[in-house]
Every structure is written in structure tokens, then in C-alpha cells.
Amino acid sequence: MQGFIVRVQKVKDEDLLVFILTNENLIKSYRFYGARHPSVMLGNKIDFELNNNINFLPHLRNVMHLGFSWQLERERLFIWQNLMRLFYYHLKDVDSIDEIYFDELEQCAKKFAKQNPKRLIIESYLRILEYEGRLHSELECFVCDEPILGDLCLVRGFLPAHRHCLSQNSFDFKKIEQLFDTKSAIWLDDDEVDRLYLIILEGF
């Protein structure tokens, strides 16, 4: 079985709760501390086995790391781990997981070394919002329900609003319209990418 570690939580002594996103589930497992065990880290993709226990959480066993070269780059790793936290909080109360979440992480991980990671995350975020039916591509203000014709603001979940309704830094209407339509961040400058990334960090 393979999955991405989206949360690691210390419990008694050096034992850990490890949450793993697979293509079907968000698995909550228990990792016993031991010198022979390879370390587990937030964001790692792993191949693993579970030893099920009727009276307790399944035990995480036979872990093999499926690493990526970019994980040695501190900045990219930090951005990746932030993405793992977002996925965990978005999915932690869901019983079964659709494949799109695992697939999006898989695609991002493969491209992280050569492409701008923030742009990849923006594009992935948009595809997930569209899949969940939460991408407001009609660009109507969520505050006043009126169409937006000029520059616009975006908040958590990329909800659009008039600049005068929120009094926040705005984005160019045409660029956001194109972004929502194509799911490509190629049209955005670095400042716009940074601002959109900060919105994503607020959560799904």
C-alpha cells in the first residue's frame, strides 16, 4: 500500500500517530518507537503495511520511503509540508476519500523539482475546488450577489468579491477569469502567485 504522510503526532514516549492519505482513505495508524524503524516525516510518500488490531489503531509496519530529489531543498520541502497540513485538515472528518486528492499530490510531487511549487499548488487547488463544485467561475460577489465587472478580491476557497465590498488588495479581473477557466497560473506574475498562495494557506 502507498500513501502520503499528511500528519505526524507525537504520543507517549517516542511513539507516533501517523495519518496517511492513500487513493481511498485517510488512514490513522500507530507507529511504535524503535531503533530499527526508519523515521517517518510529514510529507513523505511511503510504501507500508498495516497490522490491524481489533482493540487499537492499526500498527504502521514495513515502511519504505519513496523519496523525491526536491525534498532535499528546504524551501520546496516547507511548501510541500504546508500542503500536507491543508489536505489533512480538509479531509480529516471524511470516511472515504475520492482518488482526486491522492492523484493531485502525486502529480504535484512529480513536478515539484522543475516547476514553481506555488503555481503547482494554485492549479491543483483550483482543480479540487472544481471537482468539489466550489469553484465560483461565474465571478459573482459572495457578499452582495452582484456580478463582478472590474478588479476583484478573493478570500478562502477563492470566493470572489467586489473590491468595494471587502476593501482588500485586488486582482485583475481578466487574469482571474482566465485562471479559473484554464486552471493554469502561467498568466500570473510572482506577486499575484504569492498572494494567491497565502489565501490557499487559510484552508480549503
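**Reading burial and salt bridges**

Me: Glu130 is partly exposed, with a relative accessible area of 46%. What does "partly exposed" mean?

Reply: Buried means under 20% relative accessible area, exposed means over 50%, and partly exposed lies in between (1.4 Å probe, protein chains only). This is a predicted model, where local features need pLDDT of at least 70, side-chain atom pairs count only at pLDDT 80 or more, and totals for chains, interfaces and linings use all residues. Residues are numbered from 1 along each chain as its sequence is written, and side-chain values use heavy atoms, leaving out hydrogens and water.

Me: What share of the protein chain's residues count as buried?

Reply: The protein chain has 204 residues, and 47% of them count as buried.

Me: Which residue forms a salt bridge with Glu130?

Reply: Start with the rule: a side-chain nitrogen of Lys or Arg lies within 4 Å of a carboxyl oxygen of Asp or Glu. Here the partner is Lys183, with the closest N and O atoms 3.2 Å apart. Lys183 sits in the loop between α5 (173–182) and α6 (190–200), and Glu130 in helix α3 (residues 117–131), so the bridge ties together parts 53 residues apart in sequence. Lys183 is buried, at 13% relative accessibility.

Me: How many salt bridges are there by this rule?

Reply: The count comes to 11. One of them pairs Glu106 with Lys45, and the closest N and O atoms are 2.7 Å apart. That pair links distant parts of the chain: Glu106 is in helix α2 and Lys45 in strand β4 (residues 45–53), 61 residues apart.

Me: Are Glu106 and Lys45 buried or exposed?

Reply: Glu106 is buried, at 16% relative accessible area. Lys45 is buried too, at 9%. Now look at another pair. Asp93 and Lys92 meet in a salt bridge at 3.7 Å, N to O. Asp93 is exposed, at 66%, and Lys92 is partly exposed, at 37%.

Me: How many helices and strands does the chain have?

Reply: Both are DSSP runs, numbered from the N terminus: helices are H or I with at least four residues, strands are E with at least two. The protein chain has 6 helices and 7 strands. From the N terminus, the order is β-β-β-β-β-α-α-α-β-β-α-α-α. Helix α2 covers residues 99–111 and includes Asp103. Asp103 is partly exposed, at 36%.

Me: What share of contacts joins residues 24 or more positions apart?

Reply: A contact means heavy atoms within 4.5 Å. Among contacts with a separation of 6 or more, such pairs account for 54%. Along its principal axes, the C-alpha trace spans about 60 × 35 × 30 Å.
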